[in-house]
Structures are given as structure tokens and as C-alpha cells.
Amino acid sequence: MIVFVDGKKKDISKEDCRVCDLLEELGVNREAVVTVVNGEITVEETELSEGDEIKIISAVSGG
Amino acid sequence: MKCACGGKAVYTRRYSGQIFCKKCFNNYFERKVHDTIRSQKMINRLDRVGIGISGGKDSTVLLSVLSKIAGKLEITLHPILIDEGITGYRLSGINAAEKTCKSLRLNLKMASIKDLAGSTLDELQELGDSKPCTYCGVLRRKLLNKEANEQKLDKLATGHNLDDEAQAIMMNYVAGDINRLHRLKGTATDSDLIKRIKPLNRIPEKEIMLYALLNKLEVASDECPYAGENHRTKIRDFINTLESDQPGVKHKIISGWEKIIETSTPEKKPMHKCKICNHPSSRKICRSCELTEEIKIKRKDATKEVAD
């Protein structure tokens with residue numbers, strides 16, 4: 001799967017997991033982000049598959 | 001996962017267990033803002049409501065939702081943008097705010113820190129001894145109030161959300177500052193101080209970002225170059241960790257605070273008029289004038305040094 005955290009590409013070896021598992025693996029707090037899978041905003045319980053593109057967008061303001 | 005209506009799920013609200021599709025989320029969100037305004041008696045019929053807008057997600061969502069319910073509330077909206085003068089940061093916010101206001105057919109009024117203090121924020125942080133966030137916070141508050149007075153506005157709405165409120169409460173708990181805990185209630189004590197309202201103060205930051213993304217709002221996402229790792233960032237991360245482990249903690253922080261301010265009495269400080277600008281202040285010279293005067297001296301010294 002292809003993962004972008006705030007626009008930066010991350011290499012992830014994890015496959016066939018849920019969005020919340022991926023966030024945990026990345027050390028990202030689910031309360032602080034919105035997740036987009038294959039172009040659609042989705043819930044963190046969504047199952048991911050090989051080839052999925054995941055964008056993790058920070059919801060917290062930086063200033 | 002599906003919403004109760006059968007639509008595709010876009011959000012699981014863990015603290016209540018509800019699942020929302022886009023349409024149901026938008027309905028919930030807009031109703032929540034309306035209910036917050038009503039339950040906290042923020043707005044009266046025919047009020048002229050100013051909105052401090054930065055082009056960021058919170059103020060853009062606030063403006064967008066208020067414009068949808070302004071007719072029902074019988075109010076008019078008056079967006080105000082403060083240009084701090086931060087190179088490479090503010091421009092994208094101005095562009096986003098201008099586009100949003102244009103699409104909503106609202107007139108955007110802009111004011112700048114340079115007009116008030118004679119220097120941009122970039123220059124102030126070079127010249128002065130205080131932190132950039134001190135200049136920004138104090139001068140921005142003053143400018144917003146000044147603009148609101150000039151436009152004869154009844155209320156001044158800001159985009160502060162549930163996370164901002166929970167963080168502010170926690171920071172004041174840690175400092176043991178009961179007076180500041182009371183001040184968070186935002187009760188204006190002088191007729192020249194426009195009453196501040198925070199219609200998003202019961203909505204988590206994550207839901208605000210979700211609303212902005214779902215509705216494709218024009219939002220600037222640049223980070224302020226002066227916002228580094230600070231006390232608030234640590235408190236924010238701490239609260240988000242608690243919320244992740246135990247959904248609903250942010251709401252509990254707010255309800256705990258409400259009980260504390262009900263059962264405690266703040267120290268009453270008499271209000272004065274600033275000797276320099278005549279603005280209401282708890283000091284004889286308001287903090288904004290104090291900072292501006294300090295900068296004037298620094299500027300003079302710097303000019304003298306160059307001349308020497």
C-alpha cells in the first residue's frame with residue numbers, strides 16, 4: 001500500500017490491516033487525523049488491501 | 001460500515017458510538033453549532049456578528065456554517081482578517097479567506113498589525129524582547145476589538161473549538177489559575193469590549209477538519225513559522241492520548257470546568273481605560289500599548305545605533 005502522511009510518502013510493509021492498525025504502526029493518534037483511502041474519506045475501521053493509497057491528513061492546527 | 005440511514009460511513013464518533021455518512025454528518029454538525037449558539041445564549045436576533053477569519057480550517061468552517069444559519073438566526077455576518085505580517089505564511093490564508101468571502105458574498109475587512117504597531121510581526125520579533133506569539137495574541141485581540149467597534153458590531157465570533165477550550169482549561173489547571181479559568185467564559189465587562197463568542201467550542205477539531213474536507217472548503221493549511229513545540233503542544237498531545245484511550249475525555253474536561261467555575265468566585269479586577277488609547281483594560285496602560293511603546297523605544301535605539 002502507498003501511504004502519505006501530510007503529503008509525505010512513507011514506506012510501509014504492513015498489508016491487509018485496518019486503517020486504525022496502520023495509524024498505530026505509524027505512531028499517529030487517530031484523534032488528530034482524518035484518513036482518505038483511494039480518494040474517499042473513510043472510517044478508521046476500514047480494512048485495507050494491497051495497492052490501496054492512503055492519505056493521512058493532520059487535523060490539528062499548527063499556529 | 002454504514003450510517004444508520006444506510007449511507008457510506010465517513011466518520012465514527014467514538015465517544016457516542018454513532019456512525020455518520022456525509023449527509024448525516026453535515027446535518028449533525030450544523031445542528032450542533034446552532035444548538036451551541038442557542039444553549040449558551042451567544043447571539044440575539046438582529047445582531048451584527050463579526051467573525052475573526054484567518055483562512056484556516058476553524059474560522060473558514062465557522063463562517064461557512066454561520067452563513068447557512070444566519071437567516072434562521074436573523075443576524076448579519078461581518079468577516080475580519082488580521083494580517084500579522086508573517087512572510088511566507090499569511091498570504092495563503094488571505095487568498096483562502098478572500099475566496100470564501102467572495103463565494104458567500106460577504107465583504108472581508110482587513111486590518112494589519114503594521115498599521116497598529118508600526119511594524120510587521122516579523123519585524124517585532126526581531127526588535128522586541130517578547131515572544132512572537134505574545135505580540136500576535138495581544139495585538140490581534142486589540143485589532144479585532146477595534147475593528148468590531150468601528151463597524152458597530154454586537155458580537156465577535158472566533159473559531160475556537162473543543163480541543164482549544166480543553167487545552168486552555170488544562171493549561172490553567174496546571175497553573176492553578178482560577179481567574180483565567182473564569183475568563184475563558186468570555187464575559188465582556190466593559191461596553192467598549194465587544195462580547196466574544198465561540199460557536200465551535202463544543203466540536204472536536206477532528207470533526208471541523210472533516211467538515212472542511214467533506215465540503216471541499218477553501219482552507220489554508222500552512223503552519224505558522226513561529227509555532228514551535230511549546231507548553232500548549234504538549235498539553236494537546238496529552239489530551240489526544242487520553243481521548244484515544246478513553247473517548248469523551250475532552251467533553252468531560254469541559255463539563256468539569258463548568259462545575260468549577262459555578263462553584264468558585266473569580267477575583268474582581270476593576271476595569272480602567274488605557275491612558276494611551278482609551279481602550280478598556282485591567283491595567284492603567286493596556287498590554288497592547290505597553291508592547292507598542294516598548295517597540296518604539298527599541299526602534300529608536302536601533303536607528304541611533306545605525307546612525308552612530
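Helices here are DSSP runs of H or I with at least four residues, and strands are runs of E with at least two, numbered from the N terminus.

## Basis of the model

This is a predicted model, in which local features need pLDDT of at least 70 and side-chain atom pairs count only at pLDDT 80 or more. Residues are numbered from 1 along each chain as its sequence is written, and chains are lettered from A.

## Helix H6 of chain B

Helix H6(B) covers residues 132-150. Its 19 residues reach 27 Å from first C-alpha to last, close to the expected 27 Å, which is 1.5 Å times one less than the number of residues. Lys152(B), with a positive phi near 55°, follows H6(B).

Buried residues (under 20% relative accessible area, with a 1.4 Å probe and protein chains only) of H6(B) include Tyr135(B), Leu139(B), Leu143(B) and Glu147(B).

## Helix H1 of chain B

H1(B) has 18 residues and reaches 25 Å, close to the expected 26 Å. Among its buried residues are Phe25(B), Phe29(B), Val33(B) and Ile37(B). Their cover includes strands S1 (11-13) and S2 (18-20) and helices H2 (57-73) and H9 of chain B. Lys41(B), with a positive phi near 45°, follows H1(B).

## Contact of H1 with H9

The axes of H1(B) (residues 22-39) and H9(B) (residues 205-214) come within 11 Å and cross at roughly 125°. Axes are lines fitted to C-alpha atoms over the stretch in contact, with angles from 0 to 180 degrees between N-to-C directions.

In this contact (heavy atoms within 4.5 Å), the residues of H1(B) include Lys22(B) and Tyr28(B), and those of H9(B) include Glu207(B) and Leu214(B).

Key
Side-chain values use heavy atoms; hydrogens and water are left out. Buried means under 20% relative accessible area, exposed over 50%, partly exposed in between (1.4 Å probe, protein chains only).
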